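Subject: Handover of a structure model

Dear colleague,

Please find below the structure for your records. My notes on it follow directly after.

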Protein chains: 2
Amino acid sequence: MKIALAQLNFHIGNFELNRDKIIAAILQAKEQVADLIIFPELAVCGYPPRDFLEFSDFIERCKKTIAEICAVTHDIAVIVGAPSENTNAAGKNLFNTAYFIENGQVTFVQHKSLLPNYDIFDEYRYFEPNRNFAVVTYKGKRIAITICEDLWNTSPDPLYVTKPMDELAKFHPDLLINIAASPFNYLQYQERKSVLQTNAVNYNLPIVYVNHVGAQTELIFDGGSTVLDNQGNTLLEFPFFEETIGYFDTENPQSKTKDIEIPKTELIYRALVLGVKDYFQKMGFTKAIIGLSGGIDSALTLVIAAEALGHENVLAVLMPSQFSSDHSVTDALQLVENLNCPHTIIPIESMFQSFSTALHPLFQREKFNITEENIQARIRAVLLMAVSNKFGHILLNTSNKSEAAVGYGTLYGDMCGGLSVIGDVYKTQVYELARYVNAQQEIIPMNTITKPPSAELRPDQKDSDSLPDYEILDKILVNYIEQRLGPNELIALGYDAAMVQRILKLVNTSEYKRYQTPPILRVSPKAFGMGRRMPIVGKYLS
Amino acid sequence: MKIALAQLNFHIGNFELNRDKIIAAILQAKEQVADLIIFPELAVCGYPPRDFLEFSDFIERCKKTIAEICAVTHDIAVIVGAPSENTNAAGKNLFNTAYFIENGQVTFVQHKSLLPNYDIFDEYRYFEPNRNFAVVTYKGKRIAITICEDLWNTSPDPLYVTKPMDELAKFHPDLLINIAASPFNYLQYQERKSVLQTNAVNYNLPIVYVNHVGAQTELIFDGGSTVLDNQGNTLLEFPFFEETIGYFDTENPQSKTKDIEIPKTELIYRALVLGVKDYFQKMGFTKAIIGLSGGIDSALTLVIAAEALGHENVLAVLMPSQFSSDHSVTDALQLVENLNCPHTIIPIESMFQSFSTALHPLFQREKFNITEENIQARIRAVLLMAVSNKFGHILLNTSNKSEAAVGYGTLYGDMCGGLSVIGDVYKTQVYELARYVNAQQEIIPMNTITKPPSAELRPDQKDSDSLPDYEILDKILVNYIEQRLGPNELIALGYDAAMVQRILKLVNTSEYKRYQTPPILRVSPKAFGMGRRMPIVGKYLS
């Protein structure tokens, strides 16, 4: 049996585009005389469709698209994901379903059994878990179809009480297919590979795995669709971050191949480029605007944006104040020159004076403090948004994860933007990415990388005035945010108790700020945003 | 058996405060010679604890608090909600549990079976559903304990396949207790009463229902704890929005009482006052700041804030521009005088000029458009946040739900604030609330209520220039947002097809704005925020 794997970039709710992509892929697979073509989970509507699923109109459009797909399935079978209606009275009204289509008809369905509901996932919000199992026989092979999470219960402390593969194994399948919507993070690839290998070996089955590629707002899908033999060896593996249709013949399988290995920093970089590119493409935008400070965060953001959108489409705006160092302008200009991006300079001192004058009656007895620092950051946001509004450039946010964690940023100031590019990248990782960018030639000016980080909002300010060294801060943050260690566990690791307490308090009391930040491209196993849900009025470690 | 119902206001993660409240209530109930005291669902940690539940340190503190409660349970039994650990290998690691405590020990636990995961609920994210049922016998009575949602499967199309009460009925209980964390919306009270009545009648059981009171960021709990007899008659009902400890004697029950009935507008008003009050109290803030435009939205917000925080604690800031009408200032000043709030006036023209000058090189060939409107709104935000930063006033957002729905507001401008007070109140409801406020005497100036709504960001601007009449707009919005009708269903109701299409497109393409707005006090069954989760890059009805 010749199987086509369609690792495609779908668009949530864009039924016309998704249908056209699916049908084009089917026609291509027919030309290649494939017997079966496989599309990812919920390919018809895009993933994650979220509360669109609560509209019966949306479900009708899914059904209509399935009918349109049926029309081109003569001489080929199709496996494709879409929601379907649960016709039982009790339970949620929808299933997350893999449709098996041949000769113009849906001949078999398998609903998803394990519904992930942690981190960024909300599937139990919409779907009833499947409790009925069967295999479909096609071209003499018994095929077990699973959907993403259905294979992810191999841990000794599994999240679910049922094991779909134990049920499906009773039907003695010859082949295991998994259609997925498994978002990228820098650890996900290894975990995914390990889960697939474990299933191949445990059930002595070859596995065909087909994943989404492309970004949907904050979620980035890396693809990595793959075929494993029944010993867990990789026979075929698709490139990451690229749309690919490839083929596998069960009667004439590829020989064992080496797993793709991409260094973590490169993975993150490529994920972020795809994230920016798809956000703009799917929103219908072409141009971006970035406030360029001469510091490393905005420099890295500009490099990523220029690669994603084309250097000519990213406008850099330099907005020096009376507190800006000379190098902040010269470093920024050097970067703009290296990248050949358009730029403009708007000094902010006159506007700062104008606010100071207007606020003088109220503030005359008060000292310069964080208020005046924030006014500068907010003037810059007003300017960036004005250019955005006038010419249609989308503002990219340049905050990093370390700042976002401890609230070291100005709400409605440098925390503005349509999309946060590096908001899931700790400061120490920002340096790693900058070195990766500069590996072949100096793009980000060396001085931007080597100078001490500073917000430059008051004379001689340094990040280290208010924050611990980023090397230490980031380690504590990773342990708290990604690993979810509590204060006692952190102190047991050897960190200073007072520092741990102070950092955790900063993180927890900054929740109100993060609530209002733009969506953040997710590259870690625990990003701020939809995957980390914290009470604002909570009084815990704060 | 004399039962105390403790309808209290807990604080998420504030274990010391919650413990002290619980223990004080137990001691009071002992003085009243009660046999049993009942606290709400997850009272120990507050509701909803959200991802704090993923920290083992947090769970340890829950256990420690339960131990501290045990110490005062001699001569009285206690039912109290807290998370507990699931010791089975498979399934999620926690249960949402009702502890039964007597004589210093936990003698019985009942875990929650039905885990709500719709709208604002995320319980399946954390908890394993219960599958084991039993009753506890105390003072000769068999008591069935359920937790909130466990009773909410009485619809003919239930969300769940199991019926906990069918299981518990097998043990022939004498009394049904439900501990709840059931957040307010203006329909919830009636639905709750109906669900409790249905259960009382179906299972022929008296019901004691104990709910939270108080607000946790956007969620407002109204209390309304109640006792029903086995025919569903109300024997006891607690006041809404107030902490109350009350008593019920099963051997000497109160006679049938009339259900509390509060008009919808008053319910919403009181909920919003509590929401503002508790946000400030739980965050440790005392003072608020509001930008007062002379329009009805900021006027209503100021009235609510003054009632919640005390008139002397709410600073009104008037920020007229060259486009402001005379009445915008006079109406605002009249309101400030009526409420006796402090106020200040900061004209924004000089700052607007300063931005215009700075942007002149870029904008010289461009016409005045929405960009300049937004600059004015953003200057106001910079000023409000400057006062907030300097003196510690928290900015209250004044946007209404109709604006938020169609994106009629400036991000980082009038959409700023720590908390959105009326963001779940449609414009037509804002008028109803204003009339309610003025029922006894004119507090909100009549001119504020009668003049046509305008953002006053360009000469002679009116909301009706860009939006349909609010009477029609709000009806379409309620049908789309609360009822989740699709375009065809809306057109079938008689609305103009082009208008429906335009409004739905405005709602869906404004998702990126709403993503960055402050938490919104929830008073409807479907508020923007955590209860409505929409993709930003989605291309559906847009």
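Helices (H or I, at least four residues) and strands (E, at least two) are DSSP runs, numbered from the N terminus. On that basis chain A has 17 helices and 19 strands. Please note that this is a predicted model, in which local features need pLDDT of at least 70 and side-chain atom pairs count only at pLDDT 80 or more, while totals for chains, interfaces and linings use all residues. Residues are numbered from 1 along each chain as its sequence is written, and chains are lettered from A and ligands numbered from 1 in the order in which they are written.

Overall form of chain A

The C-alpha atoms of chain A fill a box of roughly 85 × 50 × 50 Å along the principal axes. The radius of gyration, taken over C-alpha atoms, is compared with a globule rule of 2.2 Å times the number of residues to the power 0.38. For 542 residues a compact globule would come near 24 Å, and the 26 Å of chain A agrees with this. A residue is called buried if 20 or more other C-beta atoms lie within 10 Å of its own, exposed if 12 or fewer, and partly exposed in between, with C-beta atoms placed from the backbone. By this criterion 56% of the 542 residues of chain A are buried. Two residues are in contact if their C-beta atoms, placed from the backbone, lie within 7 Å. Among the contacts in chain A with a separation of 6 or more, 71% are between residues 24 or more positions apart.

Domains of chain A

An automatic or database domain assignment supplies the domain bounds: chain A is divided into domain 1 (2-261) and domain 2 (267-463). Their centres, taken over C-alpha atoms, are separated by 40 Å. Ten residues of domain 1 of chain A are in contact with nine residues of domain 2 of chain A. On the domain 1 side, strand E10 (213-216) and strand E11 (219-222) of chain A each supply at least two residues.

Two strands count as paired if DSSP finds at least two bridges between them; E10(A) and E11(A) run antiparallel and are joined by four bridges. The strands form a hairpin with two residues between them, and Thr217(A) in the turn has a positive phi of about 55°. In E11(A), Leu219(A) and Phe221(A) point one way, Ile220(A) and Asp222(A) point the other way, and all are buried.

Nonpolar core

A nonpolar core is a set of buried Ala, Val, Leu, Ile, Met, Phe, Trp, Tyr and Cys residues joined through C-beta atoms within 7 Å. The largest has 354 residues, and those with the most contacts inside it are Ile38(A), Ala305(A), Ile38(B), Leu302(B) and Ala305(B). Leaving aside residues up to four places away in sequence, Ile38(A) touches several others, including Ile3(A), Leu5(A), Ile79(A), Ile177(A) and Val210(A).

Contact between the chains

The contact takes 82 residues from chain B and 82 residues from chain A. On the side of chain B that touches chain A, H9(B) gives the most, with 14 residues. The residues of that side divide into 45 nonpolar, 21 polar and 16 charged, where Ala, Val, Leu, Ile, Met, Phe, Trp, Tyr, Cys and Pro count as nonpolar, Asp, Glu, Lys and Arg as charged, and the others, Gly among them, as polar.

A sheet in chain B

Chain B has an open sheet of five strands in the order E17-E16-E15-E18-E19, with parallel pairing. Strand E17 (343-345) and strand E19 (419-420) of chain B stand at the edges with a single partner strand each, so one side of each is left without a neighbour in the sheet. Strand E18 (residues 394-397) of chain B pairs with E19(B) over two bridges.

Backbone points to check

The peptide bond from Tyr47(A) to Pro48(A) is cis, with omega near -5°, and Pro48(A) is in the loop between strand E2 (36-38) and helix H2 (56-70) of chain A. A cis peptide bond also joins Tyr47(B) and Pro48(B), with omega about -5°. Asn103(A), which is not a glycine, has a positive phi of about 50° and is exposed, with 11 other C-beta atoms within 10 Å. Phe241(B) has a positive phi near 65°, but Phe241(B) is buried, with 22 other C-beta atoms within 10 Å.

With kind regards
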